[in-house]
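Subject: Structure for you, with notes on its packing

Hello,

Here is the structure I said I would pass on. My notes on what was found follow below it.

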Amino acid sequence: MRGCNNVCSYCVVPYTRGAERSRDPRTIVREACDCFSRGYREVTLLGQNVDSYHWTGEGGDVTFAQLLEKVAMISPELRVRFSTSNPQDFSDEVIYTMSAYENICKHIHFPVQSGSNRMLEKMRRRYTREWYLARVKRIRKFIPDCGITTDVIAGFCTETEEDHKQTLSLFEEVGYDTAFMFYYSERPGTFAARHWPDDVDIET
């Protein structure tokens, strides 16, 4: 799929890639089958937010969990990955599908961006720290050996030392395998760039 509908306040993707468009699942399965027949043993389902994949058309409605299963069923020798998840749209059905198929890689990239509810609201992330942790707990329950990785933005507009400490404590609570960590870099045209100054000094 391409594009994104979330319009997080710091993100330029909706302006550069447009609204979400999901590919016909039949073409995805056909492409994965072709890759497998030519000797490839791993495929990745890609989208800015793969969890909101939804195809409506010939053949009926297909959710991301159903698409994931269709690709996993091509062969037990084909490893299947996906990226990137948006926590607000990550469903129990995806968790159950991952736990049911050994060839779906037990790894979820689960960007949190901040451990502070104040910052999450300002970022327009549409979930809370508590909701995020509940999702992680659900993943651990059904996929105990699942690797969880994340993205974090430090120094977003108005962020305080206390906000940052909440992110650090979230890291301790989740125990991520790896993380991509960046200081906030203003993107022209985004909601944040149009409404708030980049007021956290890089040295802070």
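How many residues does the largest nonpolar core have, and which of them have the most contacts inside it? In this predicted model, that core has 42 residues. Those with the most contacts inside the core are L45, F64, L68, V71, F82, M98 and Y132.

The most comes from α3, with 6 residues.

Taking M98 as an example, its contacts beyond four places in sequence are L68, F82, I104, C105, K106, H107, I108, I143 and C146. Another core, of 12 residues, lies apart from the largest one; Y10, I153, C157 and A192 are among its members.

Next, α6. With 14 residues at 1.5 Å a residue, α6 should span 20 Å, and its end C-alpha atoms are 21 Å apart, so the two values agree.

Which residues of α6 are buried? They are R129, Y132, L133, R135, V136 and I139. These residues lie on the same side of α6, because the arc they cover around the axis is only 155 degrees. An α-helix has 3.6 residues a turn, so residues three or four places apart point the same way. K137 and K141, on the other side of α6, are exposed. The cover over the buried residues of α6 includes α4, α5 (117-123), α7, β5 (107-109) and β6.

Regards

Terms used. Residues numbered from 1 in each chain as written. Predicted model: local features only at pLDDT ≥ 70, side-chain atom pairs only at ≥ 80, totals over all residues. Heavy atoms only, no water. Core = buried A, V, L, I, M, F, W, Y, C linked by side-chain atoms within 4.5 Å. Buried < 20%, exposed > 50% of the residue type's maximum accessible area, 1.4 Å probe, protein only. Helix = DSSP H or I, 4+ residues; strand = E, 2+ residues; numbered from the N terminus. Contact = heavy atoms within 4.5 Å. Expected span 1.5 Å × (residues − 1). Arc of directions from axis to C-beta.
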